[in-house]
Amino acid sequence: MRQCTTPSRTRENMAATLAAGLAERGWVVVSGGAYGIDGAAHRGALGAGGATAAVLACGVDRPYPPGHAGLIHRIAEQGLVVGELPPGDHPTPSRFIMRNRVIAALTRGTVVVEAAYRSGALVTARAAQRLGRHTMGVPGPATSALSAGVHELLRGDAVLVGDAAEIVELVGDMGELPPERRGPVLPTDLLESGARQVLAGLPARGAATAGEVARRAQTSQDDAVARLYELRALGYVERHGDGWKLTRQTMISVRGGRSPC
């Protein structure tokens, strides 16, 4: 995970969460040891008890940036610190760009959490694409300049991801699929389809006759009446003279969230 510009706190949290999730699944997180997204990714992996590798743009005996000397020491103890340059060499702007291709080459895939149009993270992603590696992006606000580079990747060959399971689905072995995504299960989801259809035929406010409900539910009036009595026994509807209406609890729990159909 790569990012050279100042990230938002939300994006740092996302990087740490993704890295921790990958580390818990036995994956090694590779990044550049820099401030922001890099550091968050390394810390996330370390915090989960996993391994992480920092690729430096200098000799491995010169932790850079200096403010991350303690973090890089932890990485060396729990993972790996890598550098192409001989001991004693200092980082230069061009060496950071060169370093990014090593990050891309060491991994099965590159995840860009946040990136402007001109960003070291995009350099890494494009190097990964040239090497035939997977590239992934975490989308951000459309109005944010720091999301522009990610969105540009996603308009191309990169794949949108939102958690560690989706990353592993792409870079892992065949059959490593993320859990099915769905909203919360509502009580009405457990109703038989005919009963749900009749329930959907009731107006959100006020009452309707059994005939009106039947027309809306596209069923016979006898079937609608039978379903309405079933729904009344379950507490979903109540009868008012010749009309039927949703109970107050049903309106709160179902209509407030989504259509009961």
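## How H2 meets H3

In this predicted model, helix H2 (residues 37-47) and helix H3 (residues 69-78) cross at roughly 40°, with their axes coming within 11 Å. That makes the two helices oblique to each other, since angles under 35 degrees would count as roughly parallel. The crossing of H2 past H3 is left-handed.

On the H2 side, the contact is made by Gly39, His42, Arg43, Ala45 and Leu46, while H3 brings in Leu71, Arg74, Ile75 and Gln78.

H2 is largely enclosed by the rest of the structure, because 9 of its 11 residues are buried. Those are Ile37, Asp38, Gly39, Ala40, Ala41, His42, Gly44, Ala45 and Leu46.

So what do the buried residues of H2 pack against? Helix H1 (9-24), strand S1 (29-31), strand S2 (52-56) and H3. After H2 comes glycine 49, with a positive phi near 80°.

## Over at H6

Helix H6 (residues 145-155) has its own set of buried residues: Leu146, Ser147, Ala148, Gly149, Val150 and Leu153. Their cover includes strand S4 (109-112), helix H5 (120-130) and strand S5 (134-137).

The N-terminal end of H6 is capped by serine 144. One of its side-chain oxygens sits 3.2 Å from the backbone nitrogen of leucine 146, and Leu146 is itself among the buried residues of the helix.

How values were computed. Residues are numbered from 1 along each chain as its sequence is written. This is a predicted model: local features need pLDDT of at least 70, side-chain atom pairs count only at pLDDT 80 or more; totals for chains, interfaces and linings use all residues. Side-chain values use heavy atoms; hydrogens and water are left out. Axes are lines fitted to C-alpha atoms, for helices over the stretch in contact, and angles run from 0 to 180 degrees between N-to-C directions. Helices (H or I, at least four residues) and strands (E, at least two) are DSSP runs, numbered from the N terminus. Angles under 35 degrees count as roughly parallel, over 145 as roughly antiparallel, 65 to 115 as roughly perpendicular and the rest as oblique. A crossing is left-handed if the near helix is turned anticlockwise from the far one by less than a right angle, and right-handed if clockwise. Contact means heavy atoms within 4.5 Å. Buried means under 20% relative accessible area, exposed over 50%, partly exposed in between (1.4 Å probe, protein chains only). A polar contact is a pair of N or O atoms within 3.5 Å; within protein, one must be able to donate a hydrogen and the other to accept it, and residues adjacent in sequence count only if both atoms are side-chain atoms.
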